[in-house]
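Here's a quick tour for anyone meeting this structure for the first time. Take a look at the sequence and the model, then read on.

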Amino acid sequence: MLESLLVAIVLITLTVAIHMVGLLALMSFLQARSRRIRPFRSRVRQGVFTLIIVLGLVVIHGVEILIYGVSYRLLDVFPTMEAALYYSTSAFTTVGFGDVAIENEWRLLGALEGLNGFLLIGWSTAFLVAVIGRMRSMEMDWLDRMRDGAD
């Protein structure tokens, strides 16, 4: 149990750091492109901007899931990489299908991966909502300036 807990602490710390860096990189990318794309000026541009954000979040979560899957393989918890990634995806997203079971000595690691995934997905959701809210605010400011200029 102690080994499982220590591995979980290392993986949680690593994935939280990756998540933070990933969100900062995504935000920097968006800030650098927002002046050129100007997402608040059209619905299509807003859609493209939102798609970039969502795909960026999927990549970040994919890396985090991959780290858990590789760790399961290195620890010889699962016989194949496919089984390790399948279990990791199921645990991380808290779906928990249950058709691939983890060994008893690593159950705590699997449960803590679920907690970690739940928190990171929540963090991503908050990020996405904040960015879309900011886009809407910029759109309203732009429309107000357009109306004020028309008077």
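Which helix does Leu 109 lie in? Leu 109 belongs to helix 4, residues 107–150; helices here are DSSP runs of H or I with at least four residues, numbered from the N terminus. Keep in mind that this is a predicted model, where local features need pLDDT of at least 70, side-chain atom pairs count only at pLDDT 80 or more, and totals for chains, interfaces and linings use all residues. Residues are numbered from 1 along each chain as its sequence is written, and side-chain values use heavy atoms, with hydrogens and water left out.

**Around Leu 109**
- Leu 109 is buried, at a relative accessible area of 0% (buried means under 20%, using a 1.4 Å probe and protein chains only).
- Setting aside neighbours within four places in sequence, Leu 109 touches Ser 4, Val 7, Ala 8, Leu 11, Tyr 68, Tyr 72 and Leu 75 (contact means heavy atoms within 4.5 Å).
- Met 1 is 108 residues from Leu 109 in sequence, yet their C-alpha atoms are 8.9 Å apart in space.

**Around His 19**
- You'll find His 19 in helix 1, residues 2–37.
- His 19 is buried too, with a relative accessible area of 0%.
- Beyond neighbours within four places in sequence, its contacts are Ile 60, His 61, Glu 64, Leu 120, Trp 123 and Ser 124.

**Helix 3 and just past it**
- Helix 3 has 12 residues (81–92), so at 1.5 Å a residue it should span 16 Å, and its end C-alpha atoms agree at 16 Å apart (the expected span is 1.5 Å times one less than the number of residues).
- Buried residues in helix 3 include Ala 83, Tyr 87 and Phe 92.
- Just after helix 3, Thr 94 has a positive phi of about 60 degrees.

Definitions and conventions:
Helices (H or I, at least four residues) and strands (E, at least two) are DSSP runs, numbered from the N terminus. Buried means under 20% relative accessible area, exposed over 50%, partly exposed in between (1.4 Å probe, protein chains only).
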